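This briefing covers selected helices and residues of one structure. Read it with the sequence and the 3D view at hand.

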Amino acid sequence: MQSKKSSSRNKGITLKNITESKGFTAFTSVLLAIFLGLIFGFIVMAFAGPQNVFKGFSYILLGGFGRFGDVLYFATPILMTGLSVGLAFRMGLFNIGASGQYTMGMFFALYVGFMWDLPPEIHWIAAIIAGMVGGMLWGFIPGIFKAFLNVNEVITTIMFNYIGMYLVDMLIQGNLVLYLSSNARTNYLPRTVQLPSLGIMGSNVNVGIIMAVIIGIILFIVLEKTTFGYELKATGFNKHASNYAGMKGKTNIILTMVIAGGLAGLGGAFAILAPSAIAGSSMTYEPINIIAVNGFNGIAVALLGSANPIGIIFSATFISFIQRGGTLANLVGYKPEIIDVVIAVIIYFSAFAMIMNSGIGRFIKKYIIKKPHTNILLEDLEAVEEEIEVQNKEAE
Amino acid sequence: MENYIVEMLNITKEFPGIIANDNITLNLKKGEVHALLGENGAGKSTLVSVLFGLYQAEKGEIKKNGKEVKINNPNDANDLGIGMVHQHFKLVEIFTVLENIILGVEPNTLGFLQKTDARKKVMELSGKYGLKINPDALIEEISIGMQQRAEILKMLYRENEILIFDEPTAVLTPQEIKELLKIMRDLAQEGKSVLFITHKLNEIIEVADRCTVLRKGKYIGTVDIKDTTKEELSRMMVGRDISFNIEKKLTEVKEVVLSVKNVTVPSKLHKNNAVKNISFDVRGGEIVCLAGIDGNGQTEFISALTGLEKVSSGTIILGGKDITKSSIRKRSVSGMSHIPEDRHKHGLILDYSLEENLVLQRYWQPEFQNKGFIRFHAVRNYAECLIKKYDVRSGQGPITMARSMSGGNQQKAIIAREIDKDHEVLVAVQPTRGLDVGAVEYIHKQLISRRDCGKGVLLVSLELDEVMNVSDRILVMYEGEIVGELDPKKTTVQELGLYMSGAKRNTVKEIDNAE
């Protein structure tokens, strides 16, 4: 009995062991979630068109390898919106407004790109920063509402998705420099505003992905190593205790929403400023009253990445990978809509399984493996262990 | 051979590494109050959890009315008429009292709630047993005392005949305890059987018919209360003699460190003020105790004093500085340490490790951060130092999750953090709530050591023993006012009780001066 206890103690005695085991569980649960998502996606695909299901599904699974540049290119915006949602989530805020912030980011970037006359070396940088500012503004307002009026951020950010989208559509349509009404889209951006390409043939992949990954790593460091991260996580875990400890809850809420908005805004800027592989063209924005789907994909990315910036880098890449592969399934007769459904099933089921995982895990531990798991019991165990220790000491 | 309503025979319950219950037998008669006595970790909670179906024993059997029964989950227990008030209440915070009471047995017609009858029944029970509640108040807004009354009503509403109370008095005032004990007696007289888990000897002597004592998972014995004494019970429980007296040196009282003048605090529950124009001073080297029945404005006052809520008028002066409108951080820096009432809600971030919790008030100081980056090495060293100095025990030292620590050690961690930080005044709100004898002794020693260091201590307590033994001066709060200032050496528990219930009051000097 004694040896059992001490061995379990020794196992958990170093910080390294703990983080490793924790990371390990998180990693395995993500893999399991993805696996479940893939199975479900496969079932849906088999229903849609049984004759080519294996071929089609292998495109989804493996097609991304052939177009890895594009995988990274399409991962960039959802990586940014994923970081946006994930960061707010760590603070205990549910930022559904990444879409609106993303759209605002696009508009600000476009505006600076078209309307400002800057030296070519810094024009694209200014446009990126403008995009970030646009997103920040759209995170700041719900943040203010939450901090000072205690309005639920889910509601305000959803509404700001619509406000942002209609506002941007209106402003673009009203601007003759930006808008090409004959094509119902924005004009082609000048080359100097487009992000430098990474030069992979036939792909639009650009420096945006590098910046996004660096931002993800910076966020990780901020969360894990700084006092701001300490406060942010503390507030997310227990806002009463963080208030008791004198942390400025309101300031932190606003700051977090501003940063989250800025991240999504950067995503919008990276997306719209991306260079086009076709010479003389660029990305364009079509003001057709549709909310940017990349914002919502950010929620799935964040969930799949466990709201951890490093996890989000990988989950964004994975989701982009599946999406790229999916487009190839067209070759064996699957309609794009069906492929979208299959991919959506994979992504959302994975994210859903991620949530369920923790729930199921708890359920299994509580009801199937009859192990001590309630707080009352832990207290008892602790206390008994303490007593044993005291006895041992006395015996010595 | 007597007839027992419940027999737990030779119960053995093991958890990996320890035997929580080792061959324990407990027999409950119909119509008796049976106390289950033992220190924290003695296996009381485990034993009743077995009875309530939360755990299954490896060995032993449970009989009801002589017939063996299997209790696999709390629903089985409920079907057998076994009800339980848990130490940590199982209430839905955002539901009303009434909704919580009927939860799970909602009276309905075709799925539509029928609350009228339920309300009538609840109010009848409430009146009958003197369990004052407001059926329409939300749980999150009412005092702990009322939450407990809701829990008891929940059991009575289900017409349980075996009632388990898991340390019910830990959160109550003397008068409430008295009422509760009377309720227990009444319940027993009506033929219900009460199993009463506690480590408070006075209550056992007062209310119980018999008492079963556990120590370190083992069965020590069952005694008739009329044949035993408090001293004997404590010896059975702890295994050694313990002293009930607290040693206190005489110290010199120094200058005023905290001065509260005409403070009024609005209530969140009703339109009246929760705290009405109160004034007092705390000097260095004394322990001032704010006594009173739960819900008489202490919580609101402490919230205002520590900056969690705003005052509507009055001033608070700490070490000569007006801190009435200061932020919580500013108050903390100016010399206020605060041991909060609810250690899970305010005192700790349960998902943070012990070391992260130990720097909760200080992480921003240059010692622990450099340009916004936390100096983890310094944090670790500091945590290890505090853990050693204040004897905080945990499974894995500094990296233990606060959630997995025992209640006593969580409280020790908070105390270590608050005492070790620079302070002039220590505000301690019910610091010993729910803790066992050993931990209580430790915490009292720490409070007294603060006093002996010349710091001011403001202690808010609902426990009469604590009020009488620890404090140097007692201020009694009743309905938001200070109704009396007493010297614990010159007063009696009875007199204190009269003040606390509002039956008696005297004028406090400071109030005169201020007005």
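Helix α14 of chain B runs over residues 407-420, and its end C-alpha atoms lie 20 Å apart. That agrees with expectation, because 14 residues at 1.5 Å a residue should span 20 Å. The model is predicted.

**Helix α14 of chain B and its neighbour**

- Of the 14 residues of α14(B), 13 are buried, so the rest of the structure largely encloses this helix.
- Helix α13 of chain B (residues 376-390) packs with α14(B): their axes come within 10 Å and cross at roughly 110°.
- On the α13(B) side, the residues in contact are B:Tyr382, B:Leu386, B:Lys389 and B:Tyr390.
- On the α14(B) side, they are B:Lys412, B:Ala416, B:Arg417, B:Ile419 and B:Asp420.
- By type, the residues of this contact between α13(B) and α14(B) comprise 5 nonpolar and 4 charged, with no polar ones.

**Two residues of chain B**

- B:Ile24 sits in strand β2 of chain B, which covers residues 18-29.
- Is B:Ile24 buried or exposed? Its relative accessibility is 0%, so B:Ile24 counts as buried, the cut-off for buried being under 20%.
- Leaving out residues up to four places away in sequence, B:Ile24 touches B:Met8, B:Leu9, B:Asn10, B:Ile11, B:Leu47, B:Leu214, B:Gly217, B:Lys218 and B:Tyr219.
- B:Lys13 is 11 residues from B:Ile24 in sequence, and the two C-alpha atoms are 9.3 Å apart in space.
- B:Ser303 belongs to helix α9 of chain B (residues 298-306).
- With a relative accessible area of 14%, B:Ser303 is buried.
- B:Ser303 touches B:Leu308 and B:Glu309, again not counting residues up to four places away in sequence.

**Chain B as a whole**

- Chain B contains 18 helices and 24 strands.
- Of its 515 residues, 58% are buried.
- Among contacts in chain B with a separation of 6 or more, 67% join residues 24 or more positions apart.

**Helices α8 and α11 of chain A**

- Two packed helices are described by the angle between their axes and the distance between the axes.
- For α8(A) (residues 207-225) and α11(A) (residues 249-272), the axes come within 10 Å and cross at roughly 170°.
- The angle makes α8(A) roughly antiparallel to α11(A), because angles over 145 degrees count that way.
- From α8(A), the contact uses A:Gly208, A:Met211, A:Ala212, A:Ile215 and A:Leu219; from α11(A), A:Leu263, A:Leu266 and A:Phe270 take part.
- These contact residues of α8(A) and α11(A) divide into 7 nonpolar and 1 polar, with no charged residue.

**Helix α7 of chain A**

- Helix α7 of chain A (residues 153-173) has 21 residues.
- From its first C-alpha to its last, α7(A) reaches 29 Å, close to the 30 Å expected at 1.5 Å a residue.
- What lies at the N-terminal end of α7(A)? A:Asn152 caps that end, with a side-chain oxygen 2.8 Å from the backbone nitrogen of A:Val154.
- Buried residues of α7(A) include A:Glu153, A:Thr156, A:Phe160, A:Gly164, A:Val168 and A:Ile172.
- Among the elements of chain A that cover the buried residues of α7(A) are α5 (98-115), α6 (120-149), α11 and α12 (293-304), along with β1 (179-180) and β2 (185-186).

Methods. Residues are numbered from 1 along each chain as its sequence is written. Chains are lettered from A and ligands numbered from 1 in the order in which they are written. This is a predicted model: local features need pLDDT of at least 70, side-chain atom pairs count only at pLDDT 80 or more; totals for chains, interfaces and linings use all residues. Side-chain values use heavy atoms; hydrogens and water are left out. Helices (H or I, at least four residues) and strands (E, at least two) are DSSP runs, numbered from the N terminus. The expected span of a helix is 1.5 Å times one less than its number of residues. Buried means under 20% relative accessible area, exposed over 50%, partly exposed in between (1.4 Å probe, protein chains only). Axes are lines fitted to C-alpha atoms, for helices over the stretch in contact, and angles run from 0 to 180 degrees between N-to-C directions. Contact means heavy atoms within 4.5 Å. Ala, Val, Leu, Ile, Met, Phe, Trp, Tyr, Cys and Pro count as nonpolar, Asp, Glu, Lys and Arg as charged, and the others, Gly among them, as polar. Angles under 35 degrees count as roughly parallel, over 145 as roughly antiparallel, 65 to 115 as roughly perpendicular and the rest as oblique. A polar contact is a pair of N or O atoms within 3.5 Å; within protein, one must be able to donate a hydrogen and the other to accept it, and residues adjacent in sequence count only if both atoms are side-chain atoms.
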